Amino acid sequence: MKIALILVKSKVYGFKNRSIFFKRMPDCSTLGMLHAVIKNSFPEIEIELYDETVEIVKKEKIDADLIGISAITPCINRAYEYARYFKNKGKTVFIGGVHSTLNPKEAKLHCDSVVVGLANDTLPALIKDYEEGKLQEFYYQDKNMSFENMVYPTRNIYAEKSFFADELNMVQATFGCMNMCGFCVQPYVCLGYHKRPVSDVVEEINRIKDDYIEFYDPNLAKDKEYLKQLCTAMIPLKKRWFAPMTISVCYDEELLALMKKSGCCEILIGFESVNQDSVKSINKKFNTVEDYKNCVKTLHKYGIKVMGSFVLGLDGDDKNSFEKILAFVNNAHIDFVRYTINTPYPGTPYFEQMKESGRIVETNWDYYDCRHCVIKPALMSKDELEKGYDLLWHKTYGFFNIIKRLNYGQSKVKFLKQVIVNFVFGVVYNSMMFKKYY
Ligand code: B12
Ligand code: SF4
């Protein structure tokens, strides 16, 4: 039997489509994980992998018994197009990933079977059922799914597809996050919050050749004691690492010292807004705006860089908010900044609330890429929000703002390196993201 797995790109997201450099760079471990999950149970099955974000996929040439498609919300319409194409050719098609997990009934309209949640146990079950001729319409992650001894993603799957023949360096120690921030999908994608045993994670990291590790956890600091144990166990590995977490880590200096010692060099923090009302509107209780600047200072004291993430167009934001955020990121010396437009994802309570109050203005999922406004913002127009977002990216990565933002007493070499990285990112990102071509 042969299975083809396809990761589809989005129609709108320009970053990958246009950049010669980023075009060939794999940026998720989904296919590697699905490959490993199948091989673990069915070593004899032939698997073909197609990742549209790094290669041109000629669907006419794909010939397999089973076709599996992975998509997040902004890519799902393309996944449906592929599904219909293969179904018309008489193939059996199944879809998985975040969007179909949140909206299984919608996904089922386009394919034979939908995998809801993490696929570690359900994908082997689906294949077995297919072989026995009793494929089901839905495969749901079991609420008692074990997070011990999980398979590791097959790390060399991009060896021939990418300019960067390196192995995938992503790891996930924890799954889900129950902080219930309004806009976030994490409370709903994998039946709660789960931790792998620290020893399993460390063993996996130890086998990665790269000395730089990216954690793909939604919030690695959800359980601080767990993170302390993980950091302690990682010290002998001598790796450098990056992870997303919340501002709450800044209040625990024992943890910060351990993070640094274990190789943490940068963390992503969702500041989301510099307006406390906006923060409150998304239920992010632990974010206290007046502490932000000090928190960044504390992280810098431990030599940890900060990637600050902001959500624009929250309910307390008006058209003056953009300048306030720019002033804040410069004054607080945030090393790297990213902005997204507030996007309620279909299948979440936040989306339903917005829908009930008549604020959803766009239901083409292609535009749910966090850079288009799909709702009626509370205190400005859709147009003002989209223009403000574009301009804020441009200004933040303008040369003088980069200098201002990064000038916080780091060594000249580090400063120069950071300026160059920020500047190159700014040029590439701004030129890729803001060309209208849809
Ligand atoms: C890497 C990543 C990216 C990469 C590429 C993602 C991609 N698939 O194209 C980049 C950096 C480009 C990216 C960009 C964006 N991302 Co992103 N990203 C992630 C991240 C951090 C990790 C994904 C990953 O590799 N996980 C590891 C693998 C092994 O897990 P997995 O993909 O979930 O797969 C498992 C299951 O979902 C399932 N599964 C998945 N696919 C399939 C397919 C089949 C056939 C089957 C059977 C099962 C199955 O089985 C797998 C194993 O259990 C997640 C956060 C997270 N931790 O999940 C967000 C996440 C996927 N991104 C998200 C968002 C919102 C975006 C952006 C819109 C905005 C942004 N943040 O910049 C853009 C849009 C890009 C676009 N194409 O339009 C959301 C998705 C929301 C949604 N409703 O779809 C997430 C969940 C983050 C969040 N907000 O919580 N992202
Ligand atoms: S802390 Fe982060 S991952 Fe957790 S619910 Fe909030 S936004 Fe989502």
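This is a predicted model: local features need pLDDT of at least 70, side-chain atom pairs count only at pLDDT 80 or more; totals for chains, interfaces and linings use all residues.
Six strands form an open sheet in the order β2-β1-β3-β4-β5-β6, and their pairing is parallel. At its edges you will find β2 (46–51) and β6 (138–140), each of which pairs on one side only. If you ignore direction, neighbouring strands here are turned by 20° against each other on average. To see one pairing in detail, look at β1, residues 2–7, which runs parallel to β2 over six bridges. Within that pairing, Leu7 has Asp51 of β2 as its bridge partner. A helix also packs on this sheet: α7, residues 122–131, touches β3 (66–70), β4 (92–96), β5 (113–116) and β6. The direction of α7 makes about 160° with that of β5.

The partner of β7 is β10 (residues 212–215), joined to β7 in the parallel sense over two bridges. There, Val171 stands opposite Phe215.

Which of its residues are buried? They are Leu255, Leu256, Leu258 and Met259. These residues lie on the same side of α11, because they cover an arc of only 165° around the axis. The face turned away from that buried side carries the exposed residues Glu253, Glu254 and Ala257. Among the elements covering the buried residues of α11 are α10 (224–234), β12 (264–272) and α13 (292–301). After α11 comes Gly263, with a positive phi near 110°.

Finally, consider how α11 sits against α10. Two packed helices are described by the angle between their axes and the distance between the axes. For α10 and α11, the axes come within 8 Å and cross at roughly 30°. Angles under 35 degrees count as roughly parallel, so α10 is roughly parallel to α11. Their crossing is left-handed. On the α10 side, the residues that meet α11 are Lys224, Leu227, Lys228, Cys231 and Thr232. Facing them in α11 are Leu255, Leu258, Met259 and Lys261.

Conventions
Residues are numbered from 1 along each chain as its sequence is written. Chains are lettered from A and ligands numbered from 1 in the order in which they are written. Two strands pair if DSSP finds at least two bridges between them. Helices (H or I, at least four residues) and strands (E, at least two) are DSSP runs, numbered from the N terminus. Axes are lines fitted to C-alpha atoms, for helices over the stretch in contact, and angles run from 0 to 180 degrees between N-to-C directions. Two residues are in contact if their C-beta atoms, placed from the backbone, lie within 7 Å. A residue is buried if 20 or more other C-beta atoms lie within 10 Å of its own, exposed if 12 or fewer, and partly exposed in between; C-beta atoms are placed from the backbone. The arc is that of the directions from the helix axis to the C-beta atoms. Angles under 35 degrees count as roughly parallel, over 145 as roughly antiparallel, 65 to 115 as roughly perpendicular and the rest as oblique. A crossing is left-handed if the near helix is turned anticlockwise from the far one by less than a right angle, and right-handed if clockwise.
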